[in-house]
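Hello,

The structure I promised is below.

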Amino acid sequence: MFGLFFSLIKVVSILMMSFVNSSPPADPISCLSNYRNCTITNSYGAFPDRSVCRAADVAYPTTEEELVSVVATATKNKRKMKVATRFSHSIPKLVCPDGEDGLLISTKCLNRTLDIDRVRMTMRVESGVTLRQLINEAAKAGMALPYSPYWWGLTVGGMMGTGAHGSTLWGEGSTVHDYVIQLRIVTPAGPQEGYGKVRTIASNDPDLNAARVSLGVLGVISQVTIQLQPLFKRSVNFKVESDLELGDKVSSFGSQHEFAGMTWYPSQEKVVYRIDDRISSNVSGNGLNNYTGFRSTLSLLLALIRATGIIN
């Protein structure tokens, strides 16, 4: 009976997938007319409280000079501003202006790579550059960002503002901002400075730590310079064990492997350990990380898997 049922599900799934295609999420900002009377959501399509986030209008600066002008004009008119990114991955309502008269500033068009220094192994990009762009451009120059989140749609400015991270207990740490050595941020200013200015904050400046995880409240990050490393590959293997010794193994396992990770399944009393280490870029391999959590899976199949876990 169950064999026939799962065979039917498999056939239906294949038929459905034959009509499916994929595309990037739509712009999270939607306006009724000419960038005015706007709403913004996130890539999930809703905020936790299901409220609608509104703004009077939105600006899409394409250069740092345009960004300064936008911030200066809003400051002079005493308007509240919030920064929005290309895909808006943040779950909390950090992007919502206070009330319906605020201004959204999108970094969608600030998406250029400005400089690559192969000698110093640094890369300077605009804040709207996505993680995918950053990784690809760095790889072309034989360099890599050592630790990063898994989702390629995040922007450099968004990762900076929210403390986005990868997984490691090694080196400087797993957060992207640990490898930022300089940034340029546009902030409001007084009338004597034209109501808007660019501040350059380098690694020896005590303000860098505040600017690196600012949640977008200190200004709009326009450019970021990142310290990279020589290009490398990763060797990934998974091992399933009982969770009886999970508490004792967390620290030791993380110290043994540079990119170690663990996924705990309490209902099954099991832990999946990800044995993940750096290897030379000239080592051959199949280049596949077919991790279940990131596969496109039909909702019906997910429901069946969860039901099976509960039954077991």
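The torsion about the S-S bond of C31 and C38 is about 100°, so this disulfide (a pair of cysteine sulfur atoms within 2.5 Å) is right-handed. The sulfur atoms of C31 and C38 are 2.1 Å apart.

Before the rest, some conventions. This is a predicted model, in which local features need pLDDT of at least 70 and side-chain atom pairs count only at pLDDT 80 or more, while totals for chains, interfaces and linings use all residues. Residues are numbered from 1 along each chain as its sequence is written, and side-chain values use heavy atoms, with hydrogens and water left out.

The structure holds 2 disulfides. Counting bonded cysteines along the chain, their pattern is 1-2, 3-4.

For exposure, buried means under 20% relative accessible area, exposed over 50%, and partly exposed in between (1.4 Å probe, protein chains only). C31 is partly exposed at 25%, whereas C38 is buried at 1%.

The other disulfide links C53 and C96, with an S to S distance of 2.3 Å. C53 sits in strand β3 (residues 53-59) and C96 in the loop between β4 (81-84) and β5 (103-106), so the bond ties together parts that are 43 residues apart in sequence. Strands here are DSSP runs (E, at least two residues), numbered from the N terminus. C53 is buried, with a relative accessibility of 4%, and C96 is buried as well, at 12%.

One further cysteine, C109, is partly exposed, with 29% relative accessibility.

Regards

Technical notes
Helix = DSSP H or I, 4+ residues; strand = E, 2+ residues; numbered from the N terminus.
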